[in-house]
Amino acid sequence: MIHWGLYSVFGGEYEGKIGCNYAEWVQSYFKIPNKEMEKIAKKFNPIKFNAYDWVQFAKENGFKYIIFTAKHHDGFAMFNSQVDDYNICKATPFRRDVVKELANACNELGVRFGIYYSQDLDWHEENGGGFNTVVSDCAGSSWNNNWDFDEDYKNFDEYFYKKSLPQIRELMMNYGDIAIAWFDIPFTLSKKQSKEIYDLVKKYQPNCLINSRLGNGVYDYVSFGDNEMPNSSEELKKINSRDNDINGVKSSPFNLYEACCTLNQSWGYTKHPNWKEINTLRHNKQRANSLGINFLVNVGPDEFGDFSEEAKELLIKLGE
C-alpha cells in the first residue's frame, strides 16, 4: 500500500510543530485552510517519482499487488480527473497522471494494481462527509473540514453525486484492469450509496475485489482495522462475526481477509518515524499467512516521490 499526496510535503510537521502519528492527517490536525493547501499544490513537483522503479522494487521483494491512494481525505486527486481540478495534473507544476503511470507499470511488470479512494471524507469539499461522527475518535481536529466550512448545514448528496461517485467512475473506466477497489471510513454513506459504488465498480471492473470499508455490509472481502492482526483462528472468527459499527462487517462472502499494517506509526511520509523491528514485521506476516490473511504493508514516499532508505531496507528484509 502506498500513501502519497500533498500531505507528504509536510512530513507530519506544520510551522515547526509536530502533528499526530498519522502524518497524512496533517491538514485536519493543524486546521490548515484549503487556500494554503492549494498554494502547496502549486509547488508540488515530485521529480524523483518513477512508477516503473516503484513497481519493479515491489515485485523484486515479493509483493503481489499494489494499492495506491488515488484520493485521500484531503480531497486532492493523484490522477487527471475531469470532475474536479484539485488534482496533480491541473493544480501542480508536475502535471503527470501518477495513477496512469503506476497502472501502466503494473500491467507491464505483472503486478496487480488496486486503487484506494476516500469515498466519504473530503476536506476540500464543503459537503464532504464525516460531519455526523464523534470527533474524539479521529486523528485530527475533525473528521470533516470544520475550519473552512460551516458545520450547521451539510448536503452530503451534493458531494457524493458530483465528485465522489463520478471520480470513482473515472478510475474504473480509464486505468485498465483494477484488481482491488480499496475504500475507507464510510461514516456518512447510506446503504443505497454504498451499493451504488459497489455496482458501479462491478459494471466497469467485474473481477475487481471491493474491501469491507466501503461500508454498510457491502463488500467482497474483509479488511481489518489499521494494524489489526488476529492472534489465532478463534480471534479471526470473532472479528469475522462482530457487528462493526464503522464497516458493517459480519462475514466475508469469499472467506478473504487482509491486514493493512504500517512500517512505522504513520501511513503518509513522516519526518519523525518510529520504525518497527524487522522481527516484528516478519512475525506479523507469518502469523497473518498462517491464518490465510493477506499482509498489506504500507509505505509513504516523500514529497519528491522517493522512499526512505529505512523503509526500503525493511521491505527488502521482509521480502527475503
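User: Which element gives the most to the lining of the largest cavity?
Analyst: Helix H3 does, with three residues. Before going on, please keep in mind that this is a predicted model, in which local features need pLDDT of at least 70 and side-chain atom pairs count only at pLDDT 80 or more, while totals for chains, interfaces and linings use all residues. Residues are numbered from 1 along each chain as its sequence is written, and side-chain values use heavy atoms, with hydrogens and water left out.

User: What counts as a cavity or a pocket here?
Analyst: On a 1 Å grid over the protein atoms alone, a cavity is a set of points where a 1.4 Å probe fits but cannot get out, whereas a pocket is an open set with protein on both sides within 12 Å along at least five of seven lines; lining residues have an atom within 4 Å of a point.

User: OK, how much space lies in the largest cavity, and which residues are closest to its centre?
Analyst: About 160 Å³ of space lies in the largest cavity. Of the 14 residues that line the largest cavity, Met-1, Ile-2, Ala-58, Phe-63 and Val-299 are the closest to its centre.

User: How does that lining divide by class?
Analyst: The lining of the largest cavity has 13 nonpolar residues, one polar and no charged ones, where Ala, Val, Leu, Ile, Met, Phe, Trp, Tyr, Cys and Pro count as nonpolar, Asp, Glu, Lys and Arg as charged, and the others, Gly among them, as polar.

User: And the largest pocket, what volume does it have?
Analyst: Its volume is about 600 Å³, and among the 30 residues that line the largest pocket, Arg-112, Phe-113, Ile-178, Ala-179 and Ile-180 are the closest to its centre. Helix H4 gives the most to this lining, with five residues, and by class the lining of the largest pocket has 15 nonpolar, 10 polar and five charged residues.

User: Switching to strand S5, are its residues buried or exposed?
Analyst: All are buried (under 20% relative accessible area, with a 1.4 Å probe and protein chains only); Ile-180 and Trp-182 point one way from S5, and Ala-181 and Phe-183 the other way.

User: How many bridges join S4 to S5?
Analyst: Four bridges join these strands, which run parallel, and the bridge partner of Tyr-116 in S5 is Trp-182. The chain crosses from S4 through helix H5 (residues 156-174) to S5.

User: What about S6, in which sense does it pair with S5?
Analyst: S5 and S6 pair in the parallel sense over two bridges, and the bridge partner of Ala-181 in S6 is Ile-210.

Technical notes
Grid points are joined across faces, edges and corners, and a volume is the space filled by probe spheres set on the points. Buried means under 20% relative accessible area, exposed over 50%, partly exposed in between (1.4 Å probe, protein chains only). Two strands pair if DSSP finds at least two bridges between them. A crossover is right-handed if, with the strands pointing away from the viewer, the path from the first strand over the helix to the second runs clockwise.
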